[in-house]
Every structure is written in structure tokens, then in C-alpha cells.
Amino acid sequence: MSQPTSGGFEKTPGWLDWYAGPSKPKFQLPANSVDAHCHVFGPGDRFPYAPERKYTPCDASREQLFALRNHLGFAKNVIVQATCHGADNRALLDALTHSGNRARGVVTVKRSVSDEELQAMHHAGVRGVRFNFVKRLVDFTPKDELMEIAARIAPLGWHVVIYFEAVDLPELWDFFTALPTTVVVDHMGRPDVSKPVDGPEFALFLKFMREHPNVWSKVSCPERLSLDGPPALDGERAPYRDVVPFARKVVETFPDRVLWGTDWPHPNLKGHMPDDGLLVDFIPHIAVTPELQRKLLVGNPNRLYWPEEIEGS
Ligand SMILES: O=C(O)/C=C(\CC(=O)C(=O)O)C(=O)O
């Protein structure tokens, strides 16, 4: 079924819509599990896509996200601002305020954001800002602007989410290691999984995490990182084998600093659109014991995004 893009927008040619009718996962998520990386897109007629965007997606509303959450068995979501909405966080904030305290957010802001706006975002459930360094997705923002934003959100107890590709880590190292907050890396810093897991490129990423205890990683997006699949489709029980050693290494080396998310609605995939139920079934391949699974899906995300519930318990 083709998904619409409302508001007079036209999807980027070749756009793959999110997968309607995902399977029910066989892996039963532990109680209070968090999908810690997902997005909402529009709908374009209510929340227009940003003029500076590099792609136009199909709509993916909060109602559809929350239906997927319930279908897969997650209790909560962390909604991350995607670049197609630029620094206009209204779709995300609308989703948070309609989540019944079951969603937190990570926004994109400019240095012109006011303290009052930051406070209002905090009240809505925002707990982080995202700095995106993937060149096909964003125009360059000067590092001094980003550092200024990091300094302003630090007193709110927020963290910084960073998105970059593995080859760019050396150049970004000094900036990342100077950030004054918890730092959460999207998708393990996008390793090139054709390279060895014990080779120098991934060793640098592991060193980044080992030497900086404030750095966390999402071990998400095997469907984005995999080079030879097979895709999580048509009941495939062992997808994305080439990503498993990388994600397992991070989960087992840093069990208290890893997060997992679906990345629904999976922007910019080219080859296939995964069945999100089968993506959940990927989790036990990378977190192989119940204890690792509980940390990845429950303990870590709740500590970062809902600490008040843990303190109050
Ligand atoms: O969904 C993701 O995490 C990855 C994205 C999209 C994105 O980050 C964005 O648009 O902000 C990608 O690699 O195209």
C-alpha cells in the first residue's frame, strides 16, 4: 500500500514507504522496553516539511508511530528530529504532547532558540539535541554554534545526539570529546561493515567509547549498514548477518551505554524497506542474554529518558 505525502508535497523520486502490516515479533520485548530511535514525518498538511530539506518523505504520523509501538510491544518511544523538518520541531512536539508521557524527544535547534522555547520543549519531554554531520542530509553548521547550543542545553540535563559516518570520526574527534554533556552516537557511527570488526576504523570508535564514559551508542539500523543482507523481509530469521559482529561487540563491551531503536519510518533506504517485526527479532542476535537485553531495551533508555520514574520507584 502506498503511503501519501499530504500538503502538496511530492516524495523524493524512488522513495520507499514504510512497511504496512509488519509481522508480530517472535522475540518478546521485556516490560517497559523503549524504541529509542524513531521519527515522525508531518503529515505535510499539518506540519510542512522544511524548505532546506534534502529529501521529501511519505507522511508518518504520531498515530501511526504509536500503533507500531503497541503492535511491536514497546512501552515508549524516543522521537528524534529528522532533517526533513529542519529546526522546526512542531511535529515532534505535537507527538510528545499526545503520547501520555510515553515519548521523549531529541530536537534540532539553532543558536537563535530562546531560553523560553528550550524550557517549553523540556516541559513537553525533550531531553536532547541532535547534531547531524552526514553531508548528504544537512548543510554545514559552524562548530562554535553547536558548542554554544551544547553549553545552553547542558544545565537542562539534556544530552547531545551525534550522527556521522565512520570515515569522519578522526576529523570530528576533538569536537565530540569537548562536548560537556552525555553524547549519544546514532547507529554506531555508521561503520563500514565490509571492513574487519577488529580493524583500525572500528577500533577508533571503540576507543572513543572506552576513553569517554559519557559516550553512548545506538546499536540500531542494521538495515542501513548491511551490505549483503539478507533483508528482514518475507519471514527471514537471520537478516543482516554482516552487522551482527559490530553490534554485538558494542553491546558486550559497553552494556550500560547502549540503546536500540527501530528507526521507523526508515528514511532514505534505497534497496528495501524492512518488516519492523523482523527487525525486533534481530535484537537477540546482538544482545544474546536476557540481562543484556534488559539493559539495552529497558534499563539504559529509561535511565537516560525517564530517570524520575526510576528514582521514584
Ligand atoms: O533515520 C536516521 O537515523 C537516518 C537518516 C535520516 C536522518 O537521520 C535525518 O533525516 O535526520 C539517514 O541516514 O538518512
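Let's start with the second largest pocket: 18 residues line it, and E223, R224, N268, L269 and K270 are the ones nearest its centre. Its volume is about 250 Å³. By class, that lining has six nonpolar, five polar and seven charged residues. Here Ala, Val, Leu, Ile, Met, Phe, Trp, Tyr, Cys and Pro count as nonpolar, Asp, Glu, Lys and Arg as charged, and the others, Gly among them, as polar.

A quick word on the source, friends: this is a predicted model, where local features need pLDDT of at least 70 and side-chain atom pairs count only at pLDDT 80 or more, while totals for chains, interfaces and linings use all residues. Residues are numbered from 1 along each chain as its sequence is written, and side-chain values use heavy atoms, with hydrogens and water left out.

For pockets, we use a 1 Å grid over the protein atoms alone; a pocket is an open set of points where a 1.4 Å probe fits, with protein on both sides within 12 Å along at least five of seven lines, and lining residues have an atom within 4 Å of a point. A volume is the space filled by probe spheres set on the points, which are joined across faces, edges and corners.

Now, the largest pocket holds about 680 Å³ of space. Of its 29 lining residues, N132, V138, D139, F140 and T141 are closest to the centre. Strand 4, helix 4 and helix 5 each give two or more residues to this lining, and helix 4 has the largest share, four residues. Helices (H or I, at least four residues) and strands (E, at least two) are DSSP runs, numbered from the N terminus. The classes here are 12 nonpolar, six polar and 11 charged.

On to the rings. The whole structure has 17 aromatic pairs, meaning Phe, Tyr or Trp rings (for Trp, the six-membered one) with centres within 6.5 Å; planes under 30 degrees apart are stacked, over 60 edge-to-face, the rest tilted. One of them, F133 with F175, is edge-to-face, at 6.0 Å centre to centre and 65 degrees between the planes. F133 sits in the loop between strand 4 (126-132) and helix 4 (143-153) and F175 in helix 5 (residues 169-178), so the pair ties together parts 42 residues apart in sequence.

Are these two buried or exposed? F133 is buried, at 14% relative accessible area, and F175 is buried too, at 8%; buried means under 20% with a 1.4 Å probe, protein chains only. Both rings belong to a cluster linked by ring pairs, which also includes F131, F164 and W173.

Conventions:
Buried means under 20% relative accessible area, exposed over 50%, partly exposed in between (1.4 Å probe, protein chains only).
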